[in-house]
Amino acid sequence: MADVEYFRGISKITYVPDGGAGNVLCFKYYNAEEVLLGRTMEDWLRFSVCYWHSFCGTGADPFGFPTLKRPWDDGKNSMETAKRRMHAAFEFFTKLGVKYYTFHDRDLAPEGGTLEETNRNLDEITDLALELQRKTGIKVLWATCNLFAHPRYMNGAATNPDAHVVAYAGAQLKKGLEIAKKLGAENFVFWGGREGYLSPHNTDVAAELKHMANFFRMAIAYKEKIGLKCQFLIEPKPKEPCKHQYDYDAMSVIGFLKHFELDSYFKLNIEPNHTTLAGHSYEHDIIMASAFGMLGSVDSNTGSPDLGWDTDQFPMDIKNTTTVMKCVIEQGGLQPGGLNFDAKVRRESTDLEDLFIAHVGAMDTFARGLRSAVQIIEEGVIAQMLQQRYLSFSSGIGSMVEEGTATLVELEEFIKQNGEPKTTSGKQEKYESIFNHYL
(Lines give C-alpha, C1' and ligand atoms only; values in the text may rest on other atoms or scores of the structure.)
Protein backbone atom coordinates (compact mmCIF):
# COMPACT_ATOMS: atom_id res chain seq x y z
CA MET A 1 0.00 0.00 0.00
CA ALA A 2 2.82 2.39 0.87
CA ASP A 3 4.40 1.77 -2.56
CA VAL A 4 1.26 2.66 -4.51
CA GLU A 5 1.44 5.95 -6.42
CA TYR A 6 -2.02 7.49 -6.53
CA PHE A 7 -1.17 10.68 -8.42
CA ARG A 8 0.67 9.12 -11.34
CA GLY A 9 2.12 11.47 -13.91
CA ILE A 10 2.27 14.39 -11.49
CA SER A 11 5.72 15.37 -10.24
CA LYS A 12 6.59 17.67 -7.38
CA ILE A 13 5.20 21.14 -8.11
CA THR A 14 8.02 23.63 -8.73
CA TYR A 15 8.37 27.39 -9.03
CA VAL A 16 8.47 28.43 -12.69
CA PRO A 17 7.94 32.22 -12.83
CA ASP A 18 7.77 32.23 -16.64
CA GLY A 19 5.62 29.12 -16.82
CA GLY A 20 3.08 30.58 -19.25
CA ALA A 21 -0.68 30.83 -19.00
CA GLY A 22 -1.37 27.25 -20.00
CA ASN A 23 0.93 25.63 -17.48
CA VAL A 24 -1.23 25.21 -14.40
CA LEU A 25 0.90 22.63 -12.61
CA CYS A 26 3.66 24.97 -11.52
CA PHE A 27 3.92 27.93 -9.17
CA LYS A 28 4.35 31.21 -11.03
CA TYR A 29 4.24 33.45 -7.94
CA TYR A 30 4.69 31.21 -4.88
CA ASN A 31 8.42 30.95 -4.27
CA ALA A 32 8.69 29.31 -0.84
CA GLU A 33 12.21 30.56 -0.10
CA GLU A 34 11.74 34.15 -1.30
CA VAL A 35 12.29 36.59 1.57
CA LEU A 36 9.79 39.41 2.10
CA LEU A 37 9.99 41.76 5.09
CA GLY A 38 12.52 39.49 6.74
CA ARG A 39 10.59 36.23 6.39
CA THR A 40 10.29 33.60 3.71
CA MET A 41 7.11 33.43 1.72
CA GLU A 42 6.54 29.95 3.15
CA ASP A 43 6.70 31.36 6.68
CA TRP A 44 4.29 34.21 5.96
CA LEU A 45 1.73 31.95 4.29
CA ARG A 46 1.98 28.64 6.21
CA PHE A 47 -0.24 26.77 3.76
CA SER A 48 -2.24 23.75 4.89
CA VAL A 49 -4.33 21.18 3.05
CA CYS A 50 -7.59 20.06 4.64
CA TYR A 51 -8.13 16.32 4.84
CA TRP A 52 -11.92 16.20 4.65
CA HIS A 53 -12.57 18.01 1.37
CA SER A 54 -9.48 16.84 -0.49
CA PHE A 55 -9.40 13.16 0.48
CA CYS A 56 -12.85 12.37 1.87
CA GLY A 57 -14.90 14.54 -0.46
CA THR A 58 -17.17 12.83 -2.96
CA GLY A 59 -18.50 15.77 -4.97
CA ALA A 60 -21.97 15.33 -3.53
CA ASP A 61 -23.97 18.45 -2.75
CA PRO A 62 -27.50 19.09 -1.42
CA PHE A 63 -28.84 18.58 -4.94
CA GLY A 64 -26.68 15.82 -6.39
CA PHE A 65 -25.06 12.46 -5.78
CA PRO A 66 -21.28 11.84 -5.60
CA THR A 67 -19.25 12.49 -8.74
CA LEU A 68 -15.66 12.00 -7.57
CA LYS A 69 -14.21 8.50 -7.86
CA ARG A 70 -10.89 8.33 -6.04
CA PRO A 71 -8.46 5.40 -6.41
CA TRP A 72 -7.98 5.16 -2.64
CA ASP A 73 -11.71 4.92 -1.93
CA ASP A 74 -13.58 1.68 -2.66
CA GLY A 75 -16.84 2.95 -1.18
CA LYS A 76 -16.35 1.03 2.04
CA ASN A 77 -15.81 3.06 5.18
CA SER A 78 -13.18 0.61 6.38
CA MET A 79 -9.81 0.82 8.06
CA GLU A 80 -8.15 -0.33 4.85
CA THR A 81 -9.75 2.58 3.00
CA ALA A 82 -8.57 4.92 5.76
CA LYS A 83 -5.00 3.68 5.39
CA ARG A 84 -5.02 4.08 1.61
CA ARG A 85 -6.43 7.56 2.03
CA MET A 86 -3.64 8.45 4.47
CA HIS A 87 -0.93 7.33 2.05
CA ALA A 88 -2.59 9.23 -0.80
CA ALA A 89 -2.79 12.36 1.33
CA PHE A 90 0.89 12.35 2.22
CA GLU A 91 1.82 11.74 -1.41
CA PHE A 92 -0.25 14.81 -2.28
CA PHE A 93 1.23 16.98 0.50
CA THR A 94 4.76 16.03 -0.59
CA LYS A 95 4.22 16.66 -4.29
CA LEU A 96 2.44 19.95 -3.60
CA GLY A 97 5.19 21.05 -1.23
CA VAL A 98 3.09 22.08 1.77
CA LYS A 99 4.22 21.58 5.35
CA TYR A 100 0.83 21.28 7.09
CA TYR A 101 -2.52 19.51 7.00
CA THR A 102 -5.73 19.71 9.06
CA PHE A 103 -8.36 17.11 9.93
CA HIS A 104 -11.46 16.14 11.90
CA ASP A 105 -11.12 13.01 14.01
CA ARG A 106 -13.75 11.25 11.91
CA ASP A 107 -11.91 12.08 8.66
CA LEU A 108 -9.02 9.89 9.69
CA ALA A 109 -10.77 6.74 10.89
CA PRO A 110 -14.26 5.24 10.73
CA GLU A 111 -16.49 5.35 13.76
CA GLY A 112 -16.96 1.98 15.41
CA GLY A 113 -19.88 0.40 17.19
CA THR A 114 -18.66 1.67 20.55
CA LEU A 115 -16.53 4.55 21.76
CA GLU A 116 -13.79 2.07 22.63
CA GLU A 117 -13.74 0.63 19.10
CA THR A 118 -13.76 4.11 17.60
CA ASN A 119 -10.79 5.10 19.75
CA ARG A 120 -8.88 1.96 18.75
CA ASN A 121 -9.45 2.86 15.09
CA LEU A 122 -8.10 6.33 15.75
CA ASP A 123 -5.06 4.94 17.55
CA GLU A 124 -4.21 2.66 14.66
CA ILE A 125 -4.60 5.30 11.96
CA THR A 126 -2.78 8.00 13.90
CA ASP A 127 0.12 5.59 14.40
CA LEU A 128 0.38 5.56 10.61
CA ALA A 129 -0.05 9.35 10.42
CA LEU A 130 2.74 9.84 12.95
CA GLU A 131 5.01 7.52 10.98
CA LEU A 132 4.36 9.47 7.76
CA GLN A 133 4.79 12.82 9.51
CA ARG A 134 8.19 11.76 10.79
CA LYS A 135 9.18 10.45 7.38
CA THR A 136 8.14 13.60 5.48
CA GLY A 137 8.45 16.41 8.04
CA ILE A 138 4.83 17.40 7.43
CA LYS A 139 2.94 18.63 10.50
CA VAL A 140 -0.62 19.13 11.75
CA LEU A 141 -1.63 22.79 11.59
CA TRP A 142 -4.77 22.00 13.52
CA ALA A 143 -7.00 19.15 14.56
CA THR A 144 -10.68 19.21 15.45
CA CYS A 145 -13.53 16.90 16.43
CA ASN A 146 -16.56 16.30 14.26
CA LEU A 147 -19.28 17.02 16.80
CA PHE A 148 -22.01 17.73 14.25
CA ALA A 149 -22.44 14.97 11.66
CA HIS A 150 -23.56 11.94 13.70
CA PRO A 151 -27.33 11.72 14.44
CA ARG A 152 -26.60 11.88 18.18
CA TYR A 153 -25.62 15.53 17.63
CA MET A 154 -28.72 16.57 15.69
CA ASN A 155 -29.70 18.87 18.59
CA GLY A 156 -26.16 20.02 19.26
CA ALA A 157 -23.12 18.70 21.11
CA ALA A 158 -21.98 21.00 23.92
CA THR A 159 -25.36 22.77 23.78
CA ASN A 160 -27.54 19.66 23.51
CA PRO A 161 -30.59 19.64 25.83
CA ASP A 162 -29.70 16.03 26.77
CA ALA A 163 -26.77 15.80 29.20
CA HIS A 164 -26.06 12.26 27.95
CA VAL A 165 -25.19 13.68 24.53
CA VAL A 166 -23.03 16.39 26.09
CA ALA A 167 -21.17 13.65 27.94
CA TYR A 168 -20.56 11.75 24.69
CA ALA A 169 -19.27 14.93 23.05
CA GLY A 170 -16.91 15.41 25.99
CA ALA A 171 -15.64 11.84 25.70
CA GLN A 172 -15.03 12.36 21.98
CA LEU A 173 -13.27 15.65 22.65
CA LYS A 174 -11.04 14.02 25.27
CA LYS A 175 -9.76 11.56 22.69
CA GLY A 176 -9.45 14.35 20.12
CA LEU A 177 -7.18 16.34 22.41
CA GLU A 178 -5.07 13.25 23.06
CA ILE A 179 -4.71 12.68 19.31
CA ALA A 180 -3.77 16.35 18.85
CA LYS A 181 -0.97 15.92 21.36
CA LYS A 182 0.18 12.65 19.81
CA LEU A 183 0.47 14.22 16.35
CA GLY A 184 1.91 17.53 17.56
CA ALA A 185 -0.98 19.70 16.38
CA GLU A 186 -0.09 23.38 16.62
CA ASN A 187 -3.74 24.40 17.05
CA PHE A 188 -7.08 22.84 17.95
CA VAL A 189 -10.30 24.17 16.41
CA PHE A 190 -13.85 24.22 17.76
CA TRP A 191 -16.61 24.68 15.19
CA GLY A 192 -20.15 24.68 16.53
CA GLY A 193 -21.98 23.27 13.53
CA ARG A 194 -24.99 22.30 15.61
CA GLU A 195 -24.43 24.74 18.47
CA GLY A 196 -27.34 27.06 17.86
CA TYR A 197 -31.09 26.95 17.45
CA LEU A 198 -33.77 26.44 14.85
CA SER A 199 -36.62 27.72 17.00
CA PRO A 200 -36.58 29.89 20.13
CA HIS A 201 -39.72 28.13 21.37
CA ASN A 202 -37.91 24.92 22.33
CA THR A 203 -34.54 26.47 23.22
CA ASP A 204 -33.18 27.84 26.50
CA VAL A 205 -30.50 30.03 24.94
CA ALA A 206 -28.98 31.18 28.24
CA ALA A 207 -28.63 27.60 29.49
CA GLU A 208 -27.07 26.42 26.22
CA LEU A 209 -24.52 29.23 26.16
CA LYS A 210 -23.58 28.47 29.77
CA HIS A 211 -23.19 24.77 28.96
CA MET A 212 -21.00 25.58 25.97
CA ALA A 213 -18.79 27.81 28.13
CA ASN A 214 -18.47 25.03 30.71
CA PHE A 215 -17.61 22.57 27.91
CA PHE A 216 -14.78 24.87 26.85
CA ARG A 217 -13.59 25.08 30.47
CA MET A 218 -13.40 21.29 30.58
CA ALA A 219 -11.35 21.35 27.36
CA ILE A 220 -8.96 23.92 28.86
CA ALA A 221 -8.56 21.85 32.00
CA TYR A 222 -7.84 18.64 30.10
CA LYS A 223 -5.44 20.38 27.75
CA GLU A 224 -3.45 21.54 30.78
CA LYS A 225 -3.70 18.12 32.45
CA ILE A 226 -2.14 16.25 29.53
CA GLY A 227 0.37 18.97 28.69
CA LEU A 228 -1.03 19.72 25.23
CA LYS A 229 0.88 22.68 23.78
CA CYS A 230 -1.35 24.24 21.16
CA GLN A 231 -3.56 27.25 20.54
CA PHE A 232 -7.32 26.80 20.94
CA LEU A 233 -9.33 28.37 18.10
CA ILE A 234 -13.06 28.95 17.56
CA GLU A 235 -14.41 29.17 14.02
CA PRO A 236 -17.41 31.50 13.53
CA LYS A 237 -20.29 30.71 11.19
CA PRO A 238 -23.71 32.41 11.14
CA LYS A 239 -25.96 29.62 9.87
CA GLU A 240 -26.05 26.28 8.10
CA PRO A 241 -26.83 23.80 9.41
CA CYS A 242 -28.56 25.71 12.23
CA LYS A 243 -30.85 28.62 11.48
CA HIS A 244 -28.80 30.68 13.92
CA GLN A 245 -25.50 29.48 15.31
CA TYR A 246 -24.10 30.91 18.52
CA ASP A 247 -20.73 31.57 16.85
CA TYR A 248 -22.42 33.88 14.31
CA ASP A 249 -19.39 36.02 13.45
CA ALA A 250 -16.11 37.26 14.93
CA MET A 251 -17.72 39.81 17.25
CA SER A 252 -20.31 37.29 18.50
CA VAL A 253 -17.53 34.87 19.42
CA ILE A 254 -15.37 37.57 20.99
CA GLY A 255 -18.35 38.81 23.02
CA PHE A 256 -19.12 35.25 24.18
CA LEU A 257 -15.50 34.61 25.18
CA LYS A 258 -15.19 37.89 27.08
CA HIS A 259 -18.54 37.42 28.83
CA PHE A 260 -17.51 33.99 30.13
CA GLU A 261 -13.91 35.12 30.78
CA LEU A 262 -12.47 32.66 28.28
CA ASP A 263 -10.82 35.13 25.91
CA SER A 264 -7.29 34.53 27.20
CA TYR A 265 -7.52 30.85 26.18
CA PHE A 266 -8.85 31.20 22.65
CA LYS A 267 -8.28 32.93 19.34
CA LEU A 268 -10.37 32.75 16.18
CA ASN A 269 -10.08 30.69 13.04
CA ILE A 270 -11.74 32.87 10.41
CA GLU A 271 -13.30 31.42 7.27
CA PRO A 272 -14.16 34.22 4.81
CA ASN A 273 -16.88 32.12 3.18
CA HIS A 274 -18.61 32.10 6.57
CA THR A 275 -18.03 35.83 6.91
CA THR A 276 -19.92 36.54 3.69
CA LEU A 277 -22.74 34.23 4.84
CA ALA A 278 -23.08 36.57 7.84
CA GLY A 279 -23.65 39.46 5.45
CA HIS A 280 -20.18 40.96 5.86
CA SER A 281 -17.50 41.68 3.29
CA TYR A 282 -14.86 39.02 2.61
CA GLU A 283 -12.21 40.51 4.90
CA HIS A 284 -14.51 41.80 7.67
CA ASP A 285 -14.06 39.10 10.31
CA ILE A 286 -10.31 38.88 9.68
CA ILE A 287 -9.93 42.60 10.32
CA MET A 288 -12.24 42.60 13.35
CA ALA A 289 -10.54 39.58 14.95
CA SER A 290 -7.12 41.10 14.34
CA ALA A 291 -8.18 44.43 15.85
CA PHE A 292 -8.88 42.62 19.12
CA GLY A 293 -5.68 40.56 18.95
CA MET A 294 -7.77 37.43 18.37
CA LEU A 295 -6.92 36.43 14.78
CA GLY A 296 -5.29 33.02 15.12
CA SER A 297 -5.70 31.31 11.76
CA VAL A 298 -7.56 31.54 8.44
CA ASP A 299 -9.55 28.93 6.55
CA SER A 300 -8.59 30.17 3.12
CA ASN A 301 -11.58 29.76 0.86
CA THR A 302 -14.29 31.80 -0.79
CA GLY A 303 -17.92 31.42 -1.72
CA SER A 304 -20.63 32.70 -4.01
CA PRO A 305 -22.66 35.15 -1.90
CA ASP A 306 -25.39 35.15 -4.53
CA LEU A 307 -26.07 31.48 -3.78
CA GLY A 308 -26.47 32.05 -0.04
CA TRP A 309 -24.87 28.82 1.11
CA ASP A 310 -21.42 27.55 2.01
CA THR A 311 -19.76 26.58 -1.28
CA ASP A 312 -16.14 26.28 -0.03
CA GLN A 313 -14.44 27.36 -3.24
CA PHE A 314 -10.72 27.84 -3.66
CA PRO A 315 -9.71 31.53 -3.31
CA MET A 316 -8.73 32.99 -6.68
CA ASP A 317 -9.39 36.72 -6.15
CA ILE A 318 -6.13 38.68 -5.74
CA LYS A 319 -7.93 41.69 -4.25
CA ASN A 320 -9.23 39.51 -1.41
CA THR A 321 -5.91 37.82 -0.74
CA THR A 322 -4.08 41.16 -0.75
CA THR A 323 -6.45 42.55 1.88
CA VAL A 324 -6.06 39.43 4.03
CA MET A 325 -2.28 39.39 3.79
CA LYS A 326 -1.99 43.12 4.55
CA CYS A 327 -3.88 42.44 7.80
CA VAL A 328 -1.72 39.38 8.57
CA ILE A 329 1.51 41.32 8.01
CA GLU A 330 0.33 44.24 10.13
CA GLN A 331 -0.33 41.93 13.07
CA GLY A 332 3.06 40.27 12.68
CA GLY A 333 2.00 36.97 11.09
CA LEU A 334 -0.31 34.08 11.93
CA GLN A 335 2.00 31.73 13.83
CA PRO A 336 1.07 29.19 15.12
CA GLY A 337 -1.89 29.46 12.72
CA GLY A 338 -1.77 29.52 8.95
CA LEU A 339 -3.75 29.54 5.74
CA ASN A 340 -5.74 26.31 5.57
CA PHE A 341 -7.46 25.52 2.29
CA ASP A 342 -10.87 24.58 3.65
CA ALA A 343 -11.99 24.29 0.06
CA LYS A 344 -13.13 21.61 -2.35
CA VAL A 345 -12.86 21.17 -6.07
CA ARG A 346 -16.15 21.57 -7.86
CA ARG A 347 -18.20 18.43 -8.32
CA GLU A 348 -17.63 18.84 -12.06
CA SER A 349 -13.81 18.85 -11.60
CA THR A 350 -13.41 15.09 -11.53
CA ASP A 351 -9.79 14.55 -12.62
CA LEU A 352 -7.16 13.90 -9.97
CA GLU A 353 -5.01 16.66 -11.43
CA ASP A 354 -7.81 19.12 -10.67
CA LEU A 355 -6.99 18.70 -6.99
CA PHE A 356 -3.46 19.91 -7.68
CA ILE A 357 -4.57 22.67 -10.05
CA ALA A 358 -6.95 24.09 -7.46
CA HIS A 359 -4.33 24.19 -4.68
CA VAL A 360 -1.59 25.55 -6.96
CA GLY A 361 -3.89 28.31 -8.23
CA ALA A 362 -4.96 29.28 -4.71
CA MET A 363 -1.38 29.26 -3.41
CA ASP A 364 -0.30 31.49 -6.28
CA THR A 365 -3.23 33.80 -5.57
CA PHE A 366 -2.14 34.20 -1.97
CA ALA A 367 1.47 34.64 -3.04
CA ARG A 368 0.41 37.49 -5.33
CA GLY A 369 -1.64 38.93 -2.48
CA LEU A 370 1.37 38.74 -0.18
CA ARG A 371 3.64 40.49 -2.67
CA SER A 372 1.05 43.21 -3.26
CA ALA A 373 0.52 43.70 0.47
CA VAL A 374 4.26 43.96 1.08
CA GLN A 375 4.55 46.63 -1.60
CA ILE A 376 1.62 48.58 -0.11
CA ILE A 377 3.28 48.49 3.32
CA GLU A 378 6.79 49.25 2.09
CA GLU A 379 5.75 52.26 0.01
CA GLY A 380 3.48 53.52 2.78
CA VAL A 381 1.26 55.72 0.61
CA ILE A 382 -1.99 54.47 2.14
CA ALA A 383 -0.50 54.44 5.65
CA GLN A 384 0.54 58.09 5.34
CA MET A 385 -2.91 59.07 4.10
CA LEU A 386 -4.50 57.16 6.97
CA GLN A 387 -2.22 58.82 9.51
CA GLN A 388 -3.14 62.23 8.10
CA ARG A 389 -6.85 61.43 8.29
CA TYR A 390 -6.63 60.79 12.05
CA LEU A 391 -4.09 63.53 12.76
CA SER A 392 -6.56 65.54 14.87
CA PHE A 393 -6.31 62.88 17.61
CA SER A 394 -2.59 63.53 18.12
CA SER A 395 -3.00 66.80 20.04
CA GLY A 396 -5.46 69.02 21.88
CA ILE A 397 -8.97 67.77 22.47
CA GLY A 398 -8.35 64.86 20.11
CA SER A 399 -5.49 63.50 22.20
CA MET A 400 -7.72 63.73 25.29
CA VAL A 401 -10.33 61.60 23.50
CA GLU A 402 -7.60 59.21 22.36
CA GLU A 403 -6.28 58.81 25.90
CA GLY A 404 -9.73 58.51 27.45
CA THR A 405 -9.37 61.59 29.66
CA ALA A 406 -11.90 63.86 27.95
CA THR A 407 -15.30 64.60 29.48
CA LEU A 408 -18.54 65.62 27.79
CA VAL A 409 -18.26 69.01 29.51
CA GLU A 410 -14.84 69.55 27.92
CA LEU A 411 -16.15 68.54 24.51
CA GLU A 412 -19.00 71.02 24.86
CA GLU A 413 -16.60 73.80 25.86
CA PHE A 414 -14.38 72.99 22.87
CA ILE A 415 -17.33 73.37 20.50
CA LYS A 416 -18.39 76.67 22.08
CA GLN A 417 -14.88 78.02 21.47
CA ASN A 418 -14.30 76.51 18.02
CA GLY A 419 -17.75 76.29 16.48
CA GLU A 420 -18.97 73.96 13.75
CA PRO A 421 -16.37 71.49 12.41
CA LYS A 422 -15.43 71.64 8.73
CA THR A 423 -16.49 68.75 6.54
CA THR A 424 -13.56 66.65 5.40
CA SER A 425 -13.66 64.31 2.41
CA GLY A 426 -13.15 60.65 3.19
CA LYS A 427 -11.44 60.18 -0.20
CA GLN A 428 -12.75 56.60 -0.44
CA GLU A 429 -12.34 56.41 -4.19
CA LYS A 430 -8.75 57.66 -3.89
CA TYR A 431 -7.89 54.95 -1.37
CA GLU A 432 -9.49 52.29 -3.55
CA SER A 433 -7.71 53.54 -6.67
CA ILE A 434 -4.34 53.50 -4.90
CA PHE A 435 -5.04 50.01 -3.54
CA ASN A 436 -5.87 48.76 -7.06
CA HIS A 437 -2.55 50.18 -8.29
CA TYR A 438 -0.74 47.44 -6.36
CA LEU A 439 -2.76 44.48 -7.66
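Asp 74 counts as partly exposed, because its relative accessibility is 42% (buried means under 20% relative accessible area, exposed over 50%, and partly exposed in between, with a 1.4 Å probe and protein chains only). The model is predicted, so local features need pLDDT of at least 70 and side-chain atom pairs count only at pLDDT 80 or more, while totals for chains, interfaces and linings use all residues. Residues are numbered from 1 along each chain as its sequence is written, and side-chain values use heavy atoms, with hydrogens and water left out.

Asp 74 forms a salt bridge with Arg 84 at 3.0 Å, N to O (a side-chain nitrogen of Lys or Arg within 4 Å of a carboxyl oxygen of Asp or Glu). Asp 74 sits in the loop between helix H2 (51-56) and helix H3 (79-96), and Arg 84 in helix H3, 10 residues apart (helices are DSSP runs of H or I with at least four residues, strands are runs of E with at least two, and both are numbered from the N terminus). Arg 84 is buried, at 17% relative accessible area.

Helix H3 also holds Lys 83, whose partner Glu 124 lies in helix H5 (residues 115-136), so this pair ties together parts 41 residues apart in sequence. The Glu 124 to Lys 83 salt bridge spans 2.7 Å, N to O, and Glu 124 is partly exposed at 38% relative accessibility.

A further salt bridge joins Asp 105 and Arg 106 at 3.3 Å, N to O, and both residues are buried. Through shared partners, Asp 105, Arg 106, Glu 111 and Arg 152 form one network of salt bridges. The structure holds 19 salt bridges, and the protein has 16 helices and 12 strands.
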